[in-house]
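Subject: Structure handover and findings

Hello,

The structure you asked about is below. My notes on it follow directly after.

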Amino acid sequence: MCDGGVCKTKYTLTAHIQGITGIGYIQALRGGDPLTLNDGASANYPVGSTITLTAFPVAITTSYRLFTGWQGGQSGFQNPATIVMNSNKAVTATFIQAHDVSGGNISALTFIDPSTQPINVTANMPHAMPYGMVHVGMTLMGTATTGSFTIQLPAPAPLNAKWYKCGKKTSGCIDFSRDVISGGIGDGAVFNAERTEVTVYITDQGLYDDDPATGIIADPSGLGSACFTNSDCDDGAYCNGQETCNQGQCVAGTPPCSAGYSCNEQTDQCTLITSTTTSGGGGGGGGGGGGTPTTIATTSVAPTTTTAAITTTTTSVPVPVPPSTTTVAVTTTTTIPTTTTTVKGICPATKALGGDSHAITILDMLRDQILTKTAAGSQYIALYYKHAPEITRIIESQPDIEGRSRKLILGLLPAIGDLIAGRKATIQDGTVQDGLMVIDTLSTHASPTLQQDLRQFKQDIHSGVLFNTFKVKIRK
Ligand SMILES: [Ca+2]
Ligand SMILES: [Ca+2]
C-alpha cells in the first residue's frame, strides 16, 4: 500500500484501558500469536489483516472485576470482537470493579448486554447505557436484611446520568437514586462526590430485590442517561443543526444557515434567499410548458432586464427564457420580490473558482460519475456539503485561501479529467503538499467540528486511504 509515495505495509493498533489502574488488558490475536496489550500499548499489523480482540479483567481476591464494553475505534459489548486493519486503529476496553460494603458478600457479578438482555427490562430503559448493565448477586450474613455494594466506574459518570435498576420487580427500568427511592435513607444508589463510583443499597425480599431466595439479593442495574455520545442525540435533521451530548443530556444544535439563507432539508444545503428577476410579457412564445429548467450559478443575482446571464448546473428552477435562435425584444420586466431560489452559489468550489463554468462542470462530473459510486466518495460529498456554508464564509473573508484553493483545484483538473475518462490518474506530490497546506490554513479559521473533519481528511491523505480508494498515483 502506498502512502504519499512511501510503501506502507502495516498499520498500528493502539490499546486503551478505561477503569482503575491495572484493572484489565486486551489480548490481540492474529493467527497463532496472541499479544497482550496493556493501557497505551500498541502493535503493528499488516494492512488488511483481521485481529481478534479479547478484553480480560485482571482478577484480584478483594473485588470482582468485569469487562463492560468497547469504546473508541470499536463499539458494543461483543467480547471477543474482531477488527480489520484498514487504517491505524485505537480501541478502548472499559472495566468496572465491585466490592461489598455491608450486610454480606458479593457472590456473583455478571454482565448484561442491554440490547440482548434476557430479563424483562425493556420498559423505560435509558437511551444510553454506556457500560451495559451488571447483575450483582449478594449473600447476606447473620441477621442482616440489607446489603450494600460499591461499583467503581470506568470513568466519572456524566452529571445528568443516573443509576438505573432494571428488573422484574420494577417492571422495567427505574431511576434508582436513593433520594428519589427512599428519601436518602433506605434502598437506592448514591454516587460519590467525584461520580467515579456508585454505592447501591438493597433490602432482601424488599421492593427491589429480584432474587426470591431469602438471604440473597440480586440487582440488575447500570449507568444510564439520555445520551453518551453526540450520535445518541442526532435527530437526523440537518436544518436544526447538529445536536450534541453534554453531561448525559442532549443539547439542540445551531442551525447551519446564516441570515439571508434558507435551509433545504432534502439536500442538506443552505440556499440563498434572493430577488429573482423574470422576463415576462409573453415574448417569444418559446417556453410553452412553463419554461426551461435553469439554475443560477453565482451567489447573488442583480436584478436585470433579461435572464440571459443565468446559466448552467444542477438544480431546477423553472424560469422562462427566450428561445436562443431568435432575438426577441423583451417588452416588460416583472420583479418578484424575495422569492426563494435554490442557488448553488454557496458551494465553496464555485466561490473559489469565481464562476469558471468549465472547471465547475468537471467538478460536478467528479461528484456524479466518480464519488457517488463508492461509499467513501459519498461520505466525502456529504462532508463537503455539511461544511459548505462555513468553508464559503471562510473563503469570503480570506482572499489568500480563495486564491490558493483556485490554484489547487485548477492543478487537480487534469487528474480529475483522467479519472472521469477512466484513465490512470497521477498527481504531483507538490500538489498534494499544497493541498495539505490549504487544509491547514482553513483549519486555523474553522469551527471545532470542521477542524475535526479536516483532521480526518488529512489523515486519509497521509494514510493513502484517499488516493488508494480512487486509484490515484502520487508522483514525486
Ligand atoms: Ca432475596
Ligand atoms: Ca439535527
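One cut-off first: a residue counts as buried if 20 or more other C-beta atoms lie within 10 Å of its own. C347 has 23 such neighbours inside 10 Å, so it is buried. C347 lies in the loop between β25 (333-340) and α2 (348-353). I391 is 44 residues away from C347 in sequence, but the C-alpha atoms of the two are 8.5 Å apart in space.

Please keep in mind that this is a predicted model.

**Overall**

The chain has 476 residues, and 31% of them count as buried. It holds 8 helices and 27 strands. Take the contacts between residues at least 6 apart in sequence: 67% of these join residues at least 24 apart.

**First sheet**

An open sheet is built from 4 strands, in the order β5-β4-β7-β9. The pairing in this sheet is antiparallel. Its edge strands are β5 (35-37) and β9 (81-84), and each of them pairs on one side only. On average, neighbouring strands here are turned by 30 degrees against each other, direction ignored.

Inside this sheet, β4 (residues 24-29) pairs with β7 (residues 50-57). The two strands are antiparallel and share 6 bridges. I26 stands opposite A55 in β7.

**Cores**

Which residues touch the most other members of the largest nonpolar core? They are I26, A93 and I96, in a core of 58 residues. Setting aside residues up to four places away in sequence, I26 touches A15, L37, L53, A55, V91 and A93.

As background, nonpolar side chains tend to be buried together in soluble globular proteins.

Another open sheet has 5 strands, ordered β11-β12-β18-β14-β15. Its pairing is antiparallel too. The edge strands are β11 (104-112) and β15 (172-175), each pairing on one side only. From one strand to the next, the twist averages 30 degrees.

At one end of the order, β14 (residues 162-167) and β15 run antiparallel and are joined by 4 bridges. Two pairs of facing residues can be picked out. C166 stands opposite C173 in β15. G167 stands opposite G172 in β15. β14 and β15 form a hairpin with 4 residues between them. In that turn, S171 has a positive phi of about 50 degrees.

Is N105 buried or partly exposed? It is partly exposed, because it has 13 other C-beta atoms within 10 Å. Beyond its neighbours within four places in sequence, N105 is in contact with D100, M138, T139 and M141. N105 and L140 are 35 residues apart in sequence, and their C-alpha atoms are 6.5 Å apart.

**Another hairpin**

β16 (residues 188-191) pairs with β17 (residues 197-203). The pairing is antiparallel, over 4 bridges. V190 stands opposite T199 in β17. These two strands form a hairpin with 5 residues between them. R195 sits in the turn and has a positive phi of about 60 degrees.

**Helix pair**

How do α5 and α6 run against each other? The axes of α5 (residues 399-420) and α6 (residues 429-444) come within 10 Å and cross at roughly 150 degrees. Angles over 145 degrees count as roughly antiparallel, so α5 and α6 are roughly antiparallel to each other. Their crossing is left-handed.

Residues from both helices make the contact. From α5 come I401, R404, S405, L408, G411 and L412. From α6 come T431, D434, G435, V438, T441 and L442.

Best regards

Key: Residues numbered from 1 in each chain as written. Chains lettered and ligands numbered in written order. Predicted model: local features only at pLDDT ≥ 70, side-chain atom pairs only at ≥ 80, totals over all residues. Pairing = 2+ DSSP bridges. Axes fitted to C-alpha atoms, helices over the stretch in contact; angles between N-to-C directions. Buried ≥ 20, exposed ≤ 12 C-beta atoms within 10 Å, placed from the backbone. Contact = placed C-beta atoms within 7 Å. Core = buried A, V, L, I, M, F, W, Y, C linked by C-beta atoms within 7 Å. Parallel < 35°, antiparallel > 145°, perpendicular 65-115°, else oblique. Left-handed = near helix turned anticlockwise from the far one by under 90°.
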